[in-house]
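I opened my notebook beside the model. I wanted to look things up one at a time and write each down.

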Amino acid sequence: MTGEATGAGAARGPGEGGAGWGDGRAHPDLDLVEVWERHAAWWQQGFTGDADVEYRDQILPIAARQLAGAARVLDLGCGEGQVARLAAARGAREVVGVDVSAAQLAEARRRGGGVAYVRAAANALPLASAHFDAVVCCLVLEHVDDLDGALDEAGRVLRPGGRLVLFLNHPLFQTPGSGWIDDQVLDPPEQYWRVGPYLREDLTVEEVDAGVRLPFFHRPLGRYVNALADRGLYVTRMLEPAPPPRFLAMAPEYRDAAAIPRLLVLRAEKR
Ligand SMILES: C[S@@+](CC[C@H](N)C(=O)[O-])C[C@H]1O[C@@H](n2cnc3c(N)ncnc32)[C@H](O)[C@@H]1O
C-alpha cells in the first residue's frame, strides 16, 4: 500500500503522517516560531514567485476574487507577502502584512509591492480595532496553536460588515494520516482515499521535504465554523475547489484523487 502526499501549500506528508500529540501539549522539541525562521527560504523557493502551481492557478486567483473591492486589507501570517502584494496590485489602498517570522518579513520588504509589514503573532496584533475591510489568512491557522486568540484578533480588527477569508488545508480530507491508498492486497485491487482521525484535535510534525519538519494542527471543520460564529463571524461562502488541472497532471495518484479537495476556503462576514 502506498499513501500519497496531500494538502495545499506546504503539503502534508505521505500517508504515514507524523508523530502525534493529541492532548494539547506543545510539541516537546519544536518551537512554533523558530521553525518558520529556519524554513522561510525553503517556503519562499517552493511556494512563491510562481514556483507552486496551486498558488499560481488556484489560491492567488481565489484570493483576488475574495478580496475584490476591499480598500483596507490585512494579510495575517503573510509570509513573504504574495497575497498582500496581490491585494495592493488589485487596488486596495492600504495593505498590512503581519507575520511572526523575521526572515519572512525581510524577504517581503525586499519584494516590496506597496505593503506595510509588521512583525507580530496572530493572537496579539498591534493594530487598531474595526479598521480593515478584509482580513485574509492563507494556509496559516494550521500552524497556529492559539486558534481562538488568532480569531479574536482577526474579528477585532475587522470593521462591522468586513470579511475574513480563510484558506485551509481541507480539514476533512487532509487529516493526519490521510492519503491515496493503492491496495493491491484486496482482490480485485482497490484505490481509495484514506481519511485519518478526523474528530481528534491534534498536532503532528510532518517532514514535508528533506530536513523540513513543520507543525500541523488538525481541527475538525466544525471547530473553525463555530469559533468564527462565536465571534460574530458568519460563514457566507465555502469553497472546496478540485485541485487545478496542472497540479493533477503532475502524478497519476493526483489524477486518481481528483475529486478529493485539498483546499478549503471560508469567507465569513462580521455582523
Ligand atoms: C504556510 S506559510 C503561508 C504564508 C502566506 N500566508 C502565503 O500564503 O504565502 C505560513 C506562515 O504563517 C506564519 N505564522 C505561523 N504562526 C504564526 C503566528 N502565530 N502568527 C503569525 N504568523 C504565523 C509563518 O511564519 C509563515 O510565514
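At what angle do the axes of helix H1 and helix H4 cross? I looked that up first. The axes of H1 (residues 34-47) and H4 (residues 102-111) cross at roughly 40 degrees and come within 7 Å. The axes are lines fitted to C-alpha atoms, for helices over the stretch in contact, and angles run from 0 to 180 degrees between N-to-C directions. H1 is therefore oblique to H4. I noted the cut-offs: under 35 degrees is roughly parallel, over 145 roughly antiparallel, 65 to 115 roughly perpendicular, and the rest oblique.

**Ground rules**

I reminded myself that this is a predicted model, where local features need pLDDT of at least 70, side-chain atom pairs count only at pLDDT 80 or more, and totals for chains, interfaces and linings use all residues. Residues are numbered from 1 along each chain as its sequence is written.

**Where H1 meets H4**

I listed the residues on each side. From H1 come Trp 36, Glu 37, Ala 40 and Gln 44; from H4 come Ala 102, Ala 103, Gln 104 and Glu 107. Two residues are in contact if their C-beta atoms, placed from the backbone, lie within 7 Å. By class, this contact has four nonpolar, two polar and two charged residues. Nonpolar covers Ala, Val, Leu, Ile, Met, Phe, Trp, Tyr, Cys and Pro; charged covers Asp, Glu, Lys and Arg; the others, Gly among them, are polar. I also jotted down a helix rule: an α-helix has 3.6 residues a turn, so residues three or four places apart point the same way.

**The whole chain**

I read off eight helices and twelve strands in the protein chain. Both are DSSP runs, numbered from the N terminus: helices are H or I with at least four residues, strands are E with at least two. Of the 271 residues, 45% are buried. Buried means that 20 or more other C-beta atoms lie within 10 Å of the residue's own; exposed means 12 or fewer, and partly exposed is in between, with C-beta atoms placed from the backbone.

**The core**

Which residues have the most contacts inside the largest nonpolar core? I found Val 73, Val 135 and Val 136, in a core of 61 residues. Such a core is a set of buried Ala, Val, Leu, Ile, Met, Phe, Trp, Tyr and Cys residues joined through C-beta atoms within 7 Å. I followed Val 135. Leaving out residues up to four places away in sequence, Val 135 touches Leu 74, Leu 76, Ala 154, Val 157, Leu 158 and Leu 164.

**Around the ligand**

I went to the ligand next. It has 20 residues around it, and Trp 36, Gly 77, Gly 79, Ser 101 and Ala 122 come nearest. A residue is near if its C-beta atom, placed from the backbone, lies within 6 Å. H1 and helix H3 (82-89) are the elements that give two or more residues to this shell. By class, the shell has twelve nonpolar, seven polar and one charged residues.

**Helix H3**

Is H3 mostly covered or mostly open? Mostly covered: seven of its eight residues are buried. I noted Arg 85 among the buried ones. The cover includes helix H2 (53-67), strand S2 (72-76), strand S3 (94-99), H4 and strand S5 (132-138). Just after H3, Gly 91 takes a positive phi of about 110 degrees.

**Loops**

I compared two positive phi values outside glycine. Asp 50 has phi near 80 degrees and sits in the loop between H1 and H2. Asp 50 counts as exposed because it has 9 C-beta neighbours inside 10 Å. Leu 139 has phi near 55 degrees and sits in the loop between S5 and helix H5 (147-157). Leu 139 is buried, with 23 other C-beta atoms within 10 Å.

I also found a cis peptide bond between Asp 187 and Pro 188, with omega about 0 degrees. Pro 188 lies in the loop between strand S7 (179-183) and strand S8 (190-194).

**Last entry: Lys 270**

Is Lys 270 buried or exposed? Lys 270 is buried, because 22 other C-beta atoms lie within 10 Å. Its place is in strand S12 (residues 263-270).
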